[in-house]
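Subject: Structure handover

Hello,

Here is the structure for you to look over. My notes follow below it.

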Amino acid sequence: MFRKILAVILLLPALSVLASPEKDFDKFVSYFKDRFPNTPYEDYKNGVYSIDASAREQWEAMEEFPPYELNVDRGEELFNKPFKNGNTYGSCFENGGVGIRQNYPYFDTDRNKVITLEGALNDCRVKNGEKPLSYFKGKELAHVSAYMAYTSRGNVFNVQIPNTEEALNAYEDGKRLYFTKKGQLNFSCADCHVYQTGTKLRADIPSPAIGHPTHFPVYRSGMGRLVTLHERFAGCLNRIRAKSFKGGSDELNNLEFFTTFMSNGLEVNGPGSRK
Amino acid sequence: MSTIKMRSKESNGVVTVKALIKHPMETGQRKNKKTGDMIPAHYIQEVHSKANGKDVITIHWGPAVSKNPYLTFKYKGNKGDDVEISWVDNQGNKDTKIGKVK
């Protein structure tokens, strides 16, 4: 009898290691439901403003005339500007690139890697004989991505993980990066955005882990420009004094894959504005 | 394309005008990192607004105002007013936009 109980106890951790992405998702959602019982799931797309009423008031006042409008216009201009060979970005995407933000990131079973929207835009440039663009400094890539997100507002994310070993590995990789303590300060993404979300981090409140990717790229007032999701990831890693990864690297692609899967069922509301 | 984006709304006899102006607003104090040359000053000096042809506000701006400045002000007015915003910068460039109050 005693042995049986022992065996069951030993088996439990082993089972949790084998948890499927769907189970992770349910766990995540129920964790946040306990944490913030008054926040409906759909509201997590608004990031920290879903749990911080006073900051939300200021943000909503800003949203009446959002600072990213000029960037969306610029993004549209760049999106429609032909490459040297006459093609445009739209030629690489279904529906001419309009209203498709929610289809990214996805796992490409032929290339066995995660394809993000920014990655697909760069692939499109290479295919048309142009140089790939940087994810950083809020230049052309961020603008085009912002315009494409803007045309997709209201569409719902539904990231699928194909049932192949590589796809599951990519997901697990992203999940591992999310929960691994890194850097001199020994923080993981989850430390602030899962365990400590809603508390104070100096004068700020760390946003909940659900709904992060829905509003990217964001216009950050502090920087006065657009920031892509990968630049934000890199910024977070630098802040905890960890060595960051390059924009579009497999590590960050997988992290985006994981975080977007955890935001399934939420609407695209990018580009957003943040302080 | 116009450099001014404007929205105006009336409520209880007060019109709130909101505008976003696309402008580099260079102070003249910055250096080009590559060449070491000073970037010439380029900023809006005067913003002027009229409603139905009547002056509403004149604003003097300088190099301390941010890039792509945002402006909002209120005046006593009605729905359907023609609001006009115009700016002039120190290099003599100018732009004007007219919109109707909602």
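Chain A has ten helices and five strands. Its radius of gyration is 20 Å, close to the 19 Å that the globule rule gives for 275 residues, so chain A is as compact as a globular protein of that length. The C-alpha trace of chain A spans about 75 × 45 × 35 Å along its principal axes. Of the 275 residues in chain A, 37% are buried. Take the contacts in chain A between residues at least 6 apart in sequence: 72% of them join residues at least 24 apart.

Note that this is a predicted model. The complex gets an ipTM of 0.76 and a pTM of 0.85 from the predictor. For chain B, the average pLDDT is 92, and 99% of the residues score at least 70.

One helix pair in chain A

Helix α7 (residues 165–179) of chain A packs against helix α10 (residues 250–261) of chain A at an angle of about 90°. Their axes are 7 Å apart. That angle makes α7(A) roughly perpendicular to α10(A). From α7(A), the contact residues include A:Ala170, A:Tyr171, A:Leu177 and A:Tyr178. From α10(A), they include A:Leu255, A:Phe257, A:Phe258 and A:Phe261. By class, this contact has eight nonpolar, two polar and three charged residues.

Between the chains

The contact takes seven residues from chain B and four residues from chain A. On the chain B side, β1 (4–11) and β2 (14–21) each supply at least two residues. By class, the side of chain B that touches chain A has five charged residues, one polar and one nonpolar.

Best wishes

Key:
Residues numbered from 1 in each chain as written. Chains lettered and ligands numbered in written order. Predicted model: local features only at pLDDT ≥ 70, side-chain atom pairs only at ≥ 80, totals over all residues. pLDDT = per-residue confidence, 0-100. Axes fitted to C-alpha atoms, helices over the stretch in contact; angles between N-to-C directions. Helix = DSSP H or I, 4+ residues; strand = E, 2+ residues; numbered from the N terminus. Parallel < 35°, antiparallel > 145°, perpendicular 65-115°, else oblique. Contact = placed C-beta atoms within 7 Å. Nonpolar A, V, L, I, M, F, W, Y, C, P; charged D, E, K, R; others polar. Rg over C-alpha atoms; globule rule 2.2 N^0.38 Å. Buried ≥ 20, exposed ≤ 12 C-beta atoms within 10 Å, placed from the backbone.
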